[in-house]
Amino acid sequence: MAQVAIANVAKAFGTVKVLHEVSVDIADGQFVVLVGPSGCGKSTLLRMVAGLETVSGGTISIGDRVVNNLPPAKRDIAMVFQNYALYPHKTVEQNMAFALKLRGTDPAVVAERVKRAADILDLAPYLKRYPRQLSGGQRQRVAMGRAIVRNPQVFLFDEPLSNLDAKLRVQMRTEIKELHQRLKTTTIYVTHDQIEAMTMADKIVVMRDGRIEQVGAPLQLFDRPANLFVAGFIGSPAMNLLKGTVKKGEKSVVDIAGSAFPLPSGSSAQDGQALVYGVRPEHLEIHPDGIASTISVVEPTGSETLVFVRFGEGEMVALFRERHDFKPGDTLKLRPRLDHVHLFDAGTGKRL
């Protein structure tokens, strides 16, 4: 195991810059998730750590070595790809052992490591099968087993669950997290799915357009997003982000589409300032003094109910875990919980 230091790393394809002086410190044994929309540069950064892309600027260190110019085989990393990348003509056992045999590892050591990985991943009954005889989840376990047997300093995962169905993705999330807790190997995991990031990471790196927007623990990003992008990206359903204007007086409020939303006490917002008022759906509550809203859509999911409402020209969504007999067209008075309101500058998008 080893720490990974990414310092002022840049990447350009010709004149097009795709990464702009990115810096991340990953502690020994930490599980770090790079998350962001398609095209944000997260997979490119992972491939640079792996040695599959060259570095245009800055340094990447694994342990005490700068690895910018080292080939992938010399970096002591193991990568799990989105498409499994298994050899179809080799059995599970042969797929897992292949890289070790190429290195000339002693056959007894190879057999021991394959058995250990198979036991960890519940693959022992399938060692003699071929990939075509496995389910998608089993194939992904084989890809993970191939990485485990190498006993690397760093695991790299490139959107490994994208090809699985929803139920299997949830199961594999748990298995990967349990695997990390057992092996304690430094792990860098790339995904565009913020639920994966929230449930698996020790630390999340949120990226957009080749830059880092915020780095922190999952709940830190959820509770105190640094800007509008992170606020809208982290959390499902997404945070309500409502444009308004501060009106200070005996009761300080934010005018949003003609409705007066309460302003948290101690806010630094100035009278007349344009801002974005953020409140998560689960932090809206029914209250007689709330904003009068008309229900447009009700979406029951079983354990929760999403209620989409309109107030004047504004729209927002509320989430309820208790059962209500909501119907479209009903009037609902909603009040935000002031201890969970987020304010952002309308111009810069930064948290106030």
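I looked for salt bridges between domain 1 and domain 2 and found a count of zero. I note here that the model is predicted.

Entry on polar contacts. I then counted residue pairs in polar contact between domain 1 and domain 2, with both residues at pLDDT 80 or more, and the count was one.

Entry on elements. Which elements give two or more residues to the side of domain 1 that touches domain 2? I found α7 (218–223) and α8 (228–233). I saw that α8 gives the most to this side of domain 1, with three residues. I sorted the residues on this side of domain 1 by type: four are nonpolar, two are polar and one is charged.

Entry on bounds. I looked up the domain assignment, which gives 4–232 for domain 1 and 237–345 for domain 2. I took the distance between the C-alpha centres of domain 1 and domain 2, and it is 39 Å.

Entry on contacts. How many residues of domain 1 are in contact with domain 2? I counted seven from domain 1, in contact with nine residues of domain 2.

Entry on area. I read that the size of an interface is often given as the accessible area lost when the parts come together. I looked up this area for the two domains: domain 1 and domain 2 bury about 680 Å² between them. I noted that 68% of this area is on carbon and sulfur atoms. Which three residues supply more than any other three of the area that domain 1 buries against domain 2? I found F222, L228 and A231, which supply 67% of it.

How values were computed. Residues numbered from 1 in each chain as written. Predicted model: local features only at pLDDT ≥ 70, side-chain atom pairs only at ≥ 80, totals over all residues. Heavy atoms only, no water. Domains from an automatic or database assignment. Contact = heavy atoms within 4.5 Å. Buried area = accessible area lost by both parts, 1.4 Å probe. Salt bridge = Lys/Arg side-chain N within 4 Å of Asp/Glu carboxyl O. Polar contact = N/O pair within 3.5 Å; in protein donor to acceptor, adjacent residues only side chain to side chain. Helix = DSSP H or I, 4+ residues; strand = E, 2+ residues; numbered from the N terminus. Nonpolar A, V, L, I, M, F, W, Y, C, P; charged D, E, K, R; others polar.
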